[in-house]
Amino acid sequence: MLRRTGNCLTACALSLVLALPTQAQSPDRYEAPGLTRSPAVAAGGDYGLPSLTRGGSQAISGEEYRLGRAWLRQFRARAPEWQDAIAQDYVESLVARLLPHSGLGDARTAVTLVESRLLNAFAVPGGVIGVNAGLFAFAEREAQLASVIAHELGHLSQRHYARGQARAEQTQIPAMAAMLAGMLIAAGGGGDAGIAAAMGSQAALIQDQLSYSRRFEQEADRVGLQAMADAGYEPGAMVEMFRAMQRMVSLQGGNPPEFLLTHPVTESRISDTQARADQISVAAPRDGDLHYQLVRARALLTIHDRDPQQASTRLAQDQAPEEARRYLAALIDARAGRTDRALDELDALARSQPDLAMLPASAAQVAFEAGRIDEAIARSRRQLRLMPDYSPASRLLGEALLQRDPDEAYQVLRELADARPEDPQAFTLLAEAAGRSGREAWGHLARAEQLQLTGRIDRAIRQLEVAKDVAEREGNTAATRHIEQRREDFIGYRETLEKF
């Protein structure tokens, strides 16, 4: 059934994508309200996207980049997103650590977290990396999670999606778009079932259209193993993950996790990976597993939201460090209304682990969610004085300031949106801050940015029209000019989204 669905999707998507313009019609970034565009774009120049890599490498083409970003917006509109700023920052940091060693240079990647207990991660042409919360539950150590992400980066650096198409070069992008369209349609069901269907369609389409061969898996393993070692991770962790996946299949009666639908694991592949791992040495081993274990605790709490005790049991069974179990207990206490107890524990952990930014940020979040707005603001300010670039603390400060000083909240959140132009939640908060601080036109513009980032481009364009009317009524010429620029960008971007 999946295969027939894949063929139907291919025919439909090919008819759409064969008309793909030779140059992209949207800018290569999405500016926060108030930002100016690059001189070339502002002057009405070429809207073509550059290569994903800035250093001249063609590991990922501009066309793939454009399709990948369009796919990500549509995916956000269909899939359950895991909205956890602390976990998001951690995964982005892990990707950034592996990236220079993966053959992608300083590629511009985008990370999306999926609220699903299924074991899965995926890489989409254009530098999009997706990670399910369920992968954290399955990977007991940071190196194991790193092995999966390194493998996915290996697929991107070797351009397996494009190379897998045996036909002429001009058919590669249409076939790629067809596969991405299939994933989107399958994901429309939402929840775990929707994600499972999406990944199943991905597997069928890859098998039928892209010849996702054993050689490609071996190449991604090879690149991933070396990237792991260069980044300080023990490459043997990839073998551990493969064997754990095999055990899962046997326990589930042969029903593989979603990751294995697109990445089948055989005994020969495990042996080959083990042989390669044995030949690779780690020059400077990392010692950052506690950070991972704390984020893993957050993932387990998300997965077992209705029964937090299951998350505690899982950490104990896996012999997680004591600090991780204490951290999870504090989060559970906070949910149960035992705020003082939770804050005391988090503060004690922060004193013993002063380099882990997520600990004071977690305490500030607990205070905020308990309604202690002033305490949350004070805690966030204190952390940002020591760690000014930690975006989860900036986000929380901005959100807390909405209750006390909307004008300052707007300034904080605008800086956050400037730094994270692909972050829908930053624009959601910015829109609220703009509205509360009397910046009505900028508020509508921020809302439009949030809509286009989540695939609702028609609504985004209508929101821009409202923003323009308000700006003109207010006599705000700066806002009017920027809104007109963004409307041009959005219309061009809609043409890309229509390919799906």
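V124 stands opposite V128 in β3, and that pair is a handy way into this predicted model. The strand that runs antiparallel to β3 here is β2, and four bridges join the two. Between β2 and β3 sits a hairpin with three residues between the strands, where G126 takes a positive phi near 105°.

V128 has a bridge partner on another strand too: A110 is paired with V128. Next along, V111 has I129 of β3 as its bridge partner. These belong to the pairing of β1 with β3 (residues 128-132), which is parallel and covers five bridges.

Put together, this is an open sheet of three strands, ordered β1-β3-β2, and its pairing is mixed. On the edges are β1 (110-114) and β2 (121-124), each of which pairs on one side only. Ignoring direction, neighbouring strands in the sheet are turned by 15° against each other on average.

How many of the residues of β3 are buried? Five of the five are, so β3 is largely enclosed by the rest of the structure. In a regular strand, side chains alternate between the two faces of the sheet. In β3, V128, G130 and N132 point one way while I129 and V131 point the other, and all are buried.

Some helices lie across these strands. Helix α3 (residues 62-78) lies across β1, β2 and β3 and runs at about 25° to β1. Helix α4 (residues 85-98) lies across β1 and β3, at about 135° to β1.

Zooming out, the protein has 25 helices and three strands. Of its 500 residues, 57% count as buried. Taking contacts between residues at least 6 apart in sequence, 70% join residues at least 24 apart.

| Helix pair | Residues | Axes come within | Crossing angle |
|---|---|---|---|
| α15 and α16 | 308-317 and 322-335 | 10 Å | roughly 175° |
| α24 and α25 | 457-474 and 477-497 | 10 Å | roughly 170° |

With axes crossing at roughly 170°, α24 is therefore roughly antiparallel to α25, since angles over 145 degrees count that way. Their crossing is left-handed. On the α24 side the contact includes I457, I461, L464 and A471, along with the charged D458, E465, K468 and E472. From α25 come, among others, I483, F490, I491 and L497, plus the charged E484, R486, R487 and R494. Sorted by type, the contact residues of α24 and α25 come to 12 nonpolar, one polar and eight charged.

The axes of α15 and α16 cross at roughly 175°, and these helices are therefore roughly antiparallel to each other as well. In α15, P308, A311, S312, L315 and A316 meet A324, R325, L328 and I332 of α16. That set divides into seven nonpolar residues, one polar and one charged.

One last stop is R379, in helix α19 (residues 373-386). Is R379 buried or exposed? Its relative accessibility is 12%, so R379 counts as buried, the cut-off being under 20%. Which residues does R379 touch, leaving aside neighbours within four places in sequence? Its contacts are L343, D347, A363, A364 and A367.

Conventions:
Residues numbered from 1 in each chain as written. Predicted model: local features only at pLDDT ≥ 70, side-chain atom pairs only at ≥ 80, totals over all residues. Heavy atoms only, no water. Axes fitted to C-alpha atoms, helices over the stretch in contact; angles between N-to-C directions. Parallel < 35°, antiparallel > 145°, perpendicular 65-115°, else oblique. Contact = heavy atoms within 4.5 Å. Left-handed = near helix turned anticlockwise from the far one by under 90°. Buried < 20%, exposed > 50% of the residue type's maximum accessible area, 1.4 Å probe, protein only. Pairing = 2+ DSSP bridges.
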